[in-house]
Every structure is written in structure tokens, then in C-alpha cells.
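Welcome, and thank you for taking a look with me.

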Amino acid sequence: MRIDQLRAPLLVTWQLTRNCDLACLHCCTESAPGKRLPGELDADEAMQLVRGIIDHQVPYVMLCGGEPLVVPHFLVIAEALGAAGVQLKIETNGQRFDAQIAERLARLPVRSVQISLDADSEDVYRRQRPGGSLAKAHAACEAARAAGLPLEITFAPTRLNIDQIEAVIERARTLGAFRFNTGKLMRIGTAARLWNKLEPSTEQYRNMLDVLQRQATAIEDSMELCYLPFSIEDGLRRSFEEPPATMLVLPDGRVKVTAALPHVCADLRRQTLAEAWDAYRGAWRDLEVLAEVRHAIADASLHSRANNWKVLALANV
Amino acid sequence: MDDSKGTNEAIVQGQQANNEKVARNQKPVWETPKLEDVSEQVMAQPYIRFT
């Protein structure tokens, strides 16, 4: 396995908090206002993890949440990583992302600021992202571009917004995004709880794929259009064949084996990053995990358990 | 004088040297992760790509 050759992950996806200023219906992490997880890493503990990431020469870190910008020490983390040459991706809903933040981030090696534009009309956006403002999200995109930051747009399709995807692709292009990301709605977290209200129909997905294929030809080199693998099951199938060299860190410092499963394989509060990486590699040889991955590939409804974290016996967690 | 003691020690020392050699040979050759390898891994995981 490729992961057995690497001394550290290629990418750390770090969910800084479960807290968020929005209460999105499709949220995979069940984030919402006031939903900070008990035991989230504090500023000192977060900086300890930052040092571990730097010491182990992890080249790329994604800072996400919840909403990372609600974390008071977000910029301290980003600046410490960036100063050490770690490349960064910031995932944000854009509600707090202003020119001042953009200018500070623009001094760092930021490869992407990813902002969710889940609609192209304010009413649909607010229905899918209660508490949010599409105008603010657009302003955040403009602030990122004005500061010279690379902008990436994401779109999570639901029954509410899927018909606006073509308009959002055009909006992303106009805003100067270098990439547009989408895929099938994932049955995890809040989305799983509201599945019967959110899941797009087969016909809606067919239309969405038609739009994507048409747009992929039309926009050619002006913006990347990324939608494959389309479903999390397809992604899991690839992971089963070749486990990804990526590490998903929860807000309390625990490490998940993979997003769609509940299994936790390490705890970065008590273990070094090297130990956690060892545990992660071990998890992908664990028969229980492999059986669960097979089940999750076959039945997406099982993904709804992904946030009921389950500590693996193999790990010192 | 017991010559077998010296012989046994030599055998043990030889085994230890062999074991160390084997251990050295089995030590994994770690690759330092490189940024250029990241993109494909990110894009292959919808959860990371567009959540």
C-alpha cells in the first residue's frame, strides 16, 4: 500500500470545531450554532498539533469545521503552519471572510480558499443554509480574489437547490474561481437525518450530470469542473483498493479511519502524529474495518452512523 | 579449559550480527510526503473534495 511507504500523511484534514454560524440542512458534520464539541482542542493543544504537523513534514493541511473562522485561534494556526511552509486550504461558508482576513491569508502559502455557494438565489440559499446570506458569500469570494487568493467553489446538491447548479457554475466562473466541486449528496450527519426531504430524485441527478457534462465542454480551460467520483461510495471503493494518504482529524484531536465510517483509530491529544499515522495504516489492515468498508460501499444508508464515533480496539485511544 | 564456551559466544555474536543485519534490511525506507502527490488523493474523496 502507498501509505506504507510514507512517513506521514500527504494531507491532514483538520476539523477545527463543530461549531458553526449556520445550520445547513445538508451538513455532514452536524455543525450548527452552539454545537461546539465537548473536549475540542484548545489553542495550546492546537498549537501542539501544529508543531507535530510541521515536524513530520506534512505538506498540505486543510482547515475546516464546522466553520473554521468561528475559532478564535484560527489565524494563529494558519499563520504558524504557513510560516513553516505548509500549504493550506481553507474551507469556509464565507459569512465572516472579509478583506482583512483575506489579506492576512494572502501572505501565506494558500492553495485554495473554498467557499460554498449552494444556490444562486438568496431565498434558496437561505432555505438550505439557515442563518446564511448569499450576498455575504459572494462578497467573501470577491474579497478572496481581490487579495489574490485562489478561489474554489463547492456545491452540495439537494432537492432544494439542484436546479440552480448551472447558474452557480456560471457564477463561480464569473467570480474567478479556478475550480468548481460537486458530487452526490452524502448521507451523513444532518443530511442523513433529513434524507427524505433532501435527497434529489433520480431524474434531478440525471439532469445535474447532463449540465456538468455540457458545462465541462463549454467552459474548457477557464475553470476546472470536478464531480468524479460522484458518490462517496465510489470514493470508498477507491480507498478500499488503495487507502488514501490523508488523515481526518476531529475537533477533539481524534483521528477517523474514513469519513463515511464511525471508526476512530488514534487520539492526537495523547499520541504523536507518527503514532497516529501508524494506527491509521494499521486500521486499513484491520479485518473489522475492511468488512465495514465493504458494507458501506454496498449500502449508503450505513453512512448515517458515521458520526457515532467508535474507537477501534487496535488503537491506544 | 572449555573451548565450547568461546565457540558458543562466537555463534551467539554471529547470530546477533545477522539479526541486526536483517533488522537493518527490514527497516522501511520512508518517503517524505510531497505536495505534488496530494491533489489526486483529495479529488478521489468526495467528502474532502466538496464538503
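In other words, β1(A) is mostly covered, with 5 of its 5 residues buried. Please keep in mind as you look around that this is a predicted model.

Which strand does β1(A) pair with in the parallel sense over 5 bridges? The partner is β2(A).

Strands of a sheet pair through backbone hydrogen bonds, either parallel or antiparallel. Here the open sheet has 11 strands with mixed pairing, in the order β7-β6-β5-β4-β3-β2-β1-β8-β9-β10-β11 of chain A. The edges are taken by β7 (224-226) and β11 (310-311) of chain A; each has a single partner strand, so one side of each is left without a neighbour in the sheet. For an antiparallel example, look at β8 (residues 246-249) and β9 (residues 254-256) of chain A, which are joined by 2 bridges. Within this pair, Leu248(A) stands opposite Lys256(A) in β9(A).

Helices pack on the sheet as well. Helix α5 (residues 134-146) of chain A touches β4 (110-116) and β5 (151-155), and its direction makes about 165° with that of β4(A). Helix α9 (residues 202-219) of chain A lies across β6 (179-182) and β7, running at about 160° to β7(A).

Is Leu10(A) buried or exposed? With a relative accessible area of 0%, Leu10(A) is buried. The C-alpha atoms of Leu10(A) and Tyr60(A) are separated by 6.4 Å, although the two residues are 50 apart along the chain. Leaving aside neighbours within four places in sequence, Leu10(A) is in contact with residues of chain A, including Val58(A), Pro59(A) and Ala245(A), and with Pro33(B), Lys34(B), Asp37(B), Val38(B) and Gln41(B) of chain B.

Those contacts lead us to the second chain. Chain B has 3 helices and 0 strands, following the pattern α-α-α along its sequence. Of its 51 residues, 24% count as buried. Where the chains meet, 47 residues of chain A are in contact with 21 residues of chain B. Between them the two chains bury about 2,800 Å², with 62% of it on carbon and sulfur atoms. Arg7(A), Leu10(A) and Met186(A) supply 19% of the area that chain A buries against chain B, more than any other three residues.

What about the cysteines? A disulfide is a covalent bond between the sulfur atoms of two cysteines. How many disulfides does the structure hold over all chains? The count is 0. Cys24(A) is in no disulfide, and the nearest cysteine sulfur, that of Cys20(A), is 5.8 Å away. Cys24(A) is buried, with a relative accessible area of 9%. Cys141(A) is in no disulfide either; the nearest cysteine sulfur, that of Cys24(A), is 14 Å away. Cys141(A) is buried, at a relative accessible area of 0%.

Last come a few backbone details. Most residues other than glycine have a negative phi, and most peptide bonds are trans. The bond from Gly65(A) to Gly66(A), however, is cis, with omega near 20°, and Gly66(A) lies in the loop between β2 and α2 (74-83) of chain A. Another cis peptide bond joins Leu228(A) and Pro229(A), with omega about -5°; Pro229(A) is in the loop between β7 and α10 (232-241) of chain A. Glu30(A) has a positive phi, near 60°, and belongs to the loop between β1 and α1 (43-55) of chain A. Gln57(A) also has a positive phi near 60°; Gln57(A) lies in the loop between α1 and β2 of chain A and counts as partly exposed at 44% relative accessibility.

Technical notes: Residues are numbered from 1 along each chain as its sequence is written. Chains are lettered from A and ligands numbered from 1 in the order in which they are written. This is a predicted model: local features need pLDDT of at least 70, side-chain atom pairs count only at pLDDT 80 or more; totals for chains, interfaces and linings use all residues. Side-chain values use heavy atoms; hydrogens and water are left out. Two strands pair if DSSP finds at least two bridges between them. Helices (H or I, at least four residues) and strands (E, at least two) are DSSP runs, numbered from the N terminus. Contact means heavy atoms within 4.5 Å. Axes are lines fitted to C-alpha atoms, for helices over the stretch in contact, and angles run from 0 to 180 degrees between N-to-C directions. Buried means under 20% relative accessible area, exposed over 50%, partly exposed in between (1.4 Å probe, protein chains only). A disulfide is a pair of cysteine sulfur atoms within 2.5 Å. Buried area is the accessible area (1.4 Å probe) that two parts lose on being put together, summed over both.
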